[in-house]
Amino acid sequence: MLIRMPRSPLDFQQIFFSLLRRQYNPDYITFFKMRHAIFSMDEIFPWSLDGEYESGGNVIEMQNNKHAISLLL
């Protein structure tokens, strides 16, 4: 899930209520299914993964490691 940075309080409200209602507005929220992705930007781009802040960079690489951990319950 990629969420566009709100540019105004109205954008923030639209995103918030879209997430709350689970009626995702494609103008603000985009979903991807992927194993590997590389994002490159012209300038340094801070971002968040599961709410943990990353200072970012010009190139961000992500990989989905299926079955990377095992949980015992």
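Which residue takes a positive phi in the hairpin of strand 3 and strand 4? In this hairpin, which has two residues between the strands, D50 takes a positive phi near 55°. The structure is a predicted model, in which local features need pLDDT of at least 70 and side-chain atom pairs count only at pLDDT 80 or more, while totals for chains, interfaces and linings use all residues. Residues are numbered from 1 along each chain as its sequence is written, and side-chain values use heavy atoms, with hydrogens and water left out.

The C-alpha trace spans about 40 × 35 × 20 Å along its principal axes.

Strand 3 (residues 36-49) pairs with strand 4 (residues 52-63) in the antiparallel sense over nine bridges; two strands pair if DSSP finds at least two bridges between them. Within this pairing, H36 stands opposite Q63 in strand 4.

Attention may next turn to the helix. S18 is found in helix 1 (residues 9-21). This residue, S18, counts as buried because its relative accessibility is 5%; buried means under 20% relative accessible area, exposed over 50%, and partly exposed in between, with a 1.4 Å probe and protein chains only. Leaving aside residues up to four places away in sequence, S18 touches Q23, Y24, N25 and I29, where contact means heavy atoms within 4.5 Å. S18 and I29 are 11 residues apart along the chain, and their C-alpha atoms are separated by 8.7 Å.

Two values for the whole chain complete the account. Buried residues make up 14% of the 73 residues. Among contacts between residues at least 6 apart in sequence, 30% join residues at least 24 apart.

Definitions and conventions. Helix = DSSP H or I, 4+ residues; strand = E, 2+ residues; numbered from the N terminus.
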